[in-house]
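Morning, everyone. One structure today, and I'll keep it short. Have a look at it first.

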Amino acid sequence: MSQPEHLFVYGTLRSEIGAGPARYLQEWARCIGPGRAQGQLYSVGDYPGMLPASAEDEWVWGEVYRIEEAASLYRLLDAYEGCDGSSPVPHEYSRGCVEVELAGGRRLMAACYWYAWPVIGLERIVSGDYVGWRQQK
């Protein structure tokens, strides 16, 4: 798997929620601000899953981090997302890349975790903002 310089997080790893290994983002990465990526967001119970967009106006909102210690961080995040070598297959997520737009319009490529299982029957988070959606529940 590739190890890009940036990471886009859109769900439980966002600083407003801070679940699981989010603390390692503070140790091995630096938040460079909010961003958005084209995609669709679904509720998978207590966490979200992102799929590629099917239309140009579909966006997922999150945060972008600059990775300072990629090997250590991706090892932990891959395990958390269930896509490391010890996780059962088929993996629920896969690490890939996405183009992210930062505030001000700057664009960059970032790693992200794509949801890999079927979404039939799952609730779509139309706003693309997991934190906002969760606060309204």
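Tyr-47, Tyr-93 and Tyr-115 form one aromatic cluster. Rings of Phe, Tyr and Trp (its six-membered ring) pair if their centres lie within 6.5 Å; planes under 30 degrees apart count as stacked, over 60 as edge-to-face and the rest as tilted. The structure holds five aromatic pairs. One of them joins Phe-8 and Tyr-10, and it is tilted, with 6.3 Å between centres and 35° between planes.

Before going on, the ground rules. This is a predicted model: local features need pLDDT of at least 70, side-chain atom pairs count only at pLDDT 80 or more, and totals for chains, interfaces and linings use all residues. Residues are numbered from 1 along each chain as its sequence is written, and side-chain values use heavy atoms, with hydrogens and water left out.

Back to that pair. Are Phe-8 and Tyr-10 buried or exposed? Phe-8 is buried, at 1% relative accessible area. Tyr-10 is buried too, at 5%. Buried means under 20% relative accessible area, exposed over 50%, partly exposed in between (1.4 Å probe, protein chains only). Across the protein, buried residues make up 50% of the 137.

Now the core. A nonpolar core is a set of buried Ala, Val, Leu, Ile, Met, Phe, Trp, Tyr and Cys residues joined through side-chain atoms within 4.5 Å. The largest one has 39 residues; Leu-7, Phe-8, Leu-25, Met-50 and Val-100 have the most contacts inside it. Strand β7, residues 107-115, gives the most to this core: seven residues. Strands here are DSSP runs (E, at least two residues), helices likewise (H or I, at least four), numbered from the N terminus.

Which residues does Met-50 touch, leaving out those up to four places away in sequence? Phe-8, Tyr-10, Gln-40, Leu-41, Val-60, Cys-112, Trp-114 and Tyr-115. Contact means heavy atoms within 4.5 Å.

Met-50 sits in strand β4, residues 48-51, and both faces of that strand are covered. Pro-48 and Met-50 are buried on one side, Gly-49 and Leu-51 on the other. Strand β3, residues 40-43, runs antiparallel to β4, joined by four bridges. Strands pair if DSSP finds at least two bridges between them. Tyr-42 stands opposite Gly-49. The hairpin has four residues between the strands, and Gly-45 takes a positive phi near 95°.

Last, the overall fold. There are three helices and eight strands. The order along the sequence is β-α-β-β-β-β-α-β-β-β-α. The C-alpha atoms fill a box of roughly 40 × 35 × 25 Å, along the principal axes.
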